[in-house]
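Please look through the sequence and the structure shown below before reading on.

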Amino acid sequence: PATQVAQSPLGLGQPPGPQRPRLHSGVAEEDGRRLRFDVPLPAAHRPLAPPTGRPMSRATDFALRATVGLVATAAAATVLWVWNRVGRPDRAAHVMLMGDLSPCSMCATGGAAEADTEADPPSYKRRPRYKGTHPVRFEHRYKELAGDEEMKAHVEAKGNTAAGTHRPIAVDEILEVLDPRPGQTYVDCTLGWGGHAEQVLQQVMPAGQLIGIDTDSAELAKTEARLQGLGYPPEALHFVHTNYAAVAAVVLDLVPEGVDLLLADLGVSSMQLDDPKRGLTFKLDGPLDMRLDQSRGKPASEWLDRWDAATLAELLRTNADEPRAQRVATVVCAEHQKKPLRRTKELAEAVRKALPNMKKAEVRATTRRVFQAIRIAVNDEFAKLDALLQALPWVLRPGGRAAILTFHSGEDRRVKLAFRDGLRAGVYSEISDVIRPSFEEQRANPRASCAKLRWAQRAPEDA
């Protein structure tokens, strides 16, 4: 006969008295006879039973075991969260807890560990937390911002620019056209990260000079400290916080006889583009500022309060050659009337609403041109470029050379016409056609793909 099975291995809800373990029944054959046998069921496979003593189904048993496991996991996670929030204990207690130091070994050290616990624990700063396996936001790239060379090389190998740095464009081409020599004076009208200036300094030293001009006071201070740390004489380095429109006044004050070499890299630096606080990119959300010098002028959000659809459309056509200027300007101004646009993502979303049936690539290209046009208007870049081109011949010494690196057609047109008019008037003895970065550089650094370089040489005095 089948053996009676106990309803619970723990005896919960059963009458008093000895209980038999639960048995597993089976059938075997021996000499043609079928024999029944009973084997005790292992404890790990016995289903749990509720206090009522009634048998439990497999589904209920699985659910109960899963609940117990989830509760244990949640408890462990809570303990870890409290540990991280409250902070670490002192060093000795922390080491003992991790098993690296026992109480006996503490005594054997002659009380050194005990004295260590009396001192204030070192401050502990957690790295920025972010979703996923790789940081996306600018402030989360703590290794790049800290200057980790290995991480910087890893980022640049993928064709990107490390956060907080800038990759100078067309360095070899600029060195070739400027042809710097020892003892010459070099003006960098847009110093930025100082990549071009660092390369030219190696050629003009010793006895050479650098005049670095930049409109961004925060980045100028960082570059000044970096270049001064290279060991050049302090009297050979001059740094001025102003815009390149004032280059004539700067050169007249420092080098009245003029300079030998001049470079103007009109592109926005990567430090400014990648920082969402500057409001120059629509890839990351940030305040709609767009000022290159945040100590002066009004942000883009306040300029939108003044512009109507006709004014904005004209800016898009003039500053960015936008083919859909009227449609985009009408929708952007309408959205701004409903709710003032104060964030970069809000402006980008307004541009997307103006182009509902277009492909994503075309929408991104239009959004990029809209941001470019508004940035140029906010910083009055074309007027400042015209002032630079007008003063350029009188800043250079006879035989001096100037190179200008542009990044869109509006800038390149102005440089080309100014150089051509100067050549016709006899102010310049030689000008160049467009020079582009090499294909290898464009592939390694996509931001160099739209760069155009032009140069001109000041005519001798006896010409």
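## How two helices cross

At roughly what angle do the axes of α13 and α16 cross, and within what distance do they come? In this predicted model, the axes of α13 and α16 come within 8 Å and cross at roughly 95 degrees. Angles of 65 to 115 degrees count as roughly perpendicular, and α13 and α16 are therefore roughly perpendicular to each other. On the α13 side the contact is made by Leu312, Leu315, Leu316, Asn319 and Ala320, while α16 brings Arg369, Val370, Gln372, Ala373, Ile374, Ile376 and Ala377. Sorted by class, the residues of this contact of α13 with α16 are 9 nonpolar, 2 polar and 1 charged.

Leu316 deserves a separate look: leaving aside residues up to four places away in sequence, Leu316 touches Asp321, Glu322, Ala325, Val328, Ala329, Val370 and Ala373.

## A second crossing

The axes of α16 and helix α17, which covers residues 381-395, come within 6 Å and cross at roughly 60 degrees, and α16 and α17 are therefore oblique to each other. Here Arg375, Ile376 and Asn379 in α16 meet Glu381, Phe382 and Lys384 in α17. By class, this contact of α16 with α17 has 2 nonpolar, 1 polar and 3 charged residues.

Glu335 is found in helix α14, and because buried means under 20% relative accessible area, Glu335 counts as buried at 16% relative accessibility. When residues up to four places away in sequence are not counted, Glu335 touches Leu341, Ala350 and Lys353.

## The nonpolar cores

The largest nonpolar core has 33 residues, and those with the most contacts inside it are Met290, Leu312, Leu316, Val328, Val332, Leu347 and Ile374. The elements that give two or more residues to this core are α12 (300-306), α13 (309-320), α14, α15 and α16, and α16 gives the most, with 6 residues. A second, separate core has 28 residues, among them Val177, Tyr186, Leu263 and Leu453.

Key
Residues are numbered from 1 along each chain as its sequence is written. This is a predicted model: local features need pLDDT of at least 70, side-chain atom pairs count only at pLDDT 80 or more; totals for chains, interfaces and linings use all residues. Side-chain values use heavy atoms; hydrogens and water are left out. Helices (H or I, at least four residues) and strands (E, at least two) are DSSP runs, numbered from the N terminus. Buried means under 20% relative accessible area, exposed over 50%, partly exposed in between (1.4 Å probe, protein chains only). Contact means heavy atoms within 4.5 Å. A nonpolar core is a set of buried Ala, Val, Leu, Ile, Met, Phe, Trp, Tyr and Cys residues joined through side-chain atoms within 4.5 Å. Axes are lines fitted to C-alpha atoms, for helices over the stretch in contact, and angles run from 0 to 180 degrees between N-to-C directions. Angles under 35 degrees count as roughly parallel, over 145 as roughly antiparallel, 65 to 115 as roughly perpendicular and the rest as oblique. Ala, Val, Leu, Ile, Met, Phe, Trp, Tyr, Cys and Pro count as nonpolar, Asp, Glu, Lys and Arg as charged, and the others, Gly among them, as polar.
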